[in-house]
Every structure is written in structure tokens, then in C-alpha cells.
Amino acid sequence: MLLAHSASTTWSFEPLQLVPLALGALLYWKRARTLGRRGTPVAEWRYFLFSLGIALVVVALVSPIATLGEEESFAFHMVQHLLLGDLAPLCIVAGLTGPMLRPILSVRAVRALRVLAHPLVALPLWTVNLFVWHIPYFWEAALRHQAVHALEHACFFTAGAIMWAAVVELLPGPEWFGTGAKMGYVLAVRAVSTVLGNVLVWAGTPFYSFYEDASRPWGLSAAADQGIAGGVMMIEGSLVTIGALAWLFLRLAAEGELRQQLLERGLDPRAVRRAVRYGRGQDLAGTP
């Protein structure tokens, strides 16, 4: 077991986790160049968000956050998983578009997985993944076995990406899942994580024996470390939720205004509702 002062300055490099990340970034860059040559360039803000997501994954995997979390502190491990399972997937998914994913979606096996992004599938999958990996048996198995740990990271990232894909809606979702429904979905996601966060904060006794024997930083007890982890989960979730709800509220207001304008022009209400729902309201507004 490394001492706290050494772990806090240790950077780790695991090729099996970093090589796929580099490959994904390269494929993104090549696809973006192809779309640019075809006259449909990727917006700069998407480049930024995708790059930020990649950077967050790198920080989570190789920085001292990873070393501290995997050897000494549950709180730091929570930070790592929030980066991998929430913030990085959100940024990466927001940096993608339907046209960018078209080559991948042309593969039959991948097309069959589109159902995972349905909100009634994505939310339960994300919830089950979150709670199962926090069961002490699985959490400690990941800490003690590299292969299980890599699987845990892959599950957190994939579940987070699927969960956010339903909100960002890279591909058309069900008609009923409009902006208002997305706000409720985001609140449901945070309610789930808040339940787990409160359990960790108020448990009073540590759940994970691995951390009881660890040389935690700053002389924290295992119970205090666990409580901080729960607090970090709830604070991060609250901040992300506020940002997501603010964006969705502004979008809802804009959609309502556009819908009213189109209805006042005498256009078919059903056509207006669908056009606004799927972001084609401006196209409909331009029709004579």
C-alpha cells in the first residue's frame, strides 16, 4: 500500500484503457474532416465538448485522482467515477451528431442496440448499473482485480453515455419524450443518485472493508471518507442538474414561442407539434 503523500503525486498509464480512447479521438477527427469536406462541418462547440470529454476521461484514468481512489480514499474513487460515468459521457455525447455516427449505425449489430437509448430503457439500465457496482462485493472486486476494474469503468461510461444520449437525443426518440419530459427524466436521474448519496452520507459505518485498512489522506476515518464520497456525489449531481434544467427550460420556452408562431400561420397543429418536437420548426416556418 502506497502512503498518502506518494499516491497524491502518482500518475498511472494503462495502455489497455488509453489506447481505445486515443483511437476514438482519431476516428472522431477523421469523420469530422470528412463531413467538413462534404459541406456539413461539425460545429466548433461540439469539437470543444468532445475534446473536454476525452480530457476528463484521461484525468480520471491517469491522474492522482485514480491512484488515491484505487488505493486510499473512497471519496477520490467517487470523483473518478463521476468523471467517467457522468461528466465525460455528457461532454462526449453532446459532441456527437447523427451524421457523425452514420458509419457506425450502418452496422446491423449496432443498429440493434439503438433501443438502449430509449428513455424507458436507458434510465433503468443506468440505475441498475449504479447500484450494482456500489454493492460492496462488486466494488471491492474491482479494487482488487484489474480486469474487473476495467469492466467497471466501461460499464459506468457506457451507462452514462446511454443515459445522456436520451436527453441530448443524437437519434430521434419517441414523440412523447419532448423537452418537458426530458426535464422530468433529468430529475428522475438525480433522484436516484441522491438516494445513493444519502445512504453513503448517513450510513455511519463504512460499507467497504478495503478502505478501512487504507492509509487515507488527511487522517480521515473510513466512515468520514464514505460520507464525503456521498456528499461529492450529491453536489456534483445538483450542479449538473441545474445546468441541464436551465438549458432545457430555455429550449422549452423557445419551442413554445415557435409553436405559437406556426399555429398562428394556420399550419396543421399535428405537423407543427412534430416539427417543433424534432427540431424542424424553422424548416416548417420557411415553407410558403
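Tutor: A term comes up at once: helices here are DSSP runs of H or I with at least four residues, numbered from the N terminus. Please also note that this is a predicted model.

Student: Then which helix is Val93 found in?
Tutor: Val93 belongs to helix α5.

Student: Is Val93 buried or exposed, and why?
Tutor: Val93 is buried, because its relative accessibility is 5% and the term applies under 20%.

Student: What does Val93 touch?
Tutor: Not counting residues up to four places away in sequence, Val93 touches Ala161, Trp164, Ala165, Val168 and Leu170.

Student: And how far apart are Val93 and Ala166?
Tutor: They are 73 residues apart in sequence, and their C-alpha atoms lie 9.9 Å apart in space.

Student: On to the cores. Which residues have the most contacts inside the largest nonpolar core?
Tutor: They are Phe74, Met78, Trp126, Leu130, Tyr185 and Tyr211, in a core of 35 residues. Elements giving two or more residues to this core include α5, α8 and α13. A second, separate core has 26 residues, among them Val93 and Leu170.

Student: What is Trp126 in contact with?
Tutor: Leaving aside neighbours within four places in sequence, Trp126 contacts Ala159, Gly160, Met163, Val189, Val192 and Ser193.

Student: A change of topic: why is helix α4 largely enclosed?
Tutor: Helix α4 covers residues 64–71, and seven of its eight residues are buried, so the rest of the structure largely encloses it. The buried residues include Pro64, Leu68 and Glu70.

Note on methods
Residues numbered from 1 in each chain as written. Predicted model: local features only at pLDDT ≥ 70, side-chain atom pairs only at ≥ 80, totals over all residues. Heavy atoms only, no water. Buried < 20%, exposed > 50% of the residue type's maximum accessible area, 1.4 Å probe, protein only. Core = buried A, V, L, I, M, F, W, Y, C linked by side-chain atoms within 4.5 Å. Contact = heavy atoms within 4.5 Å.
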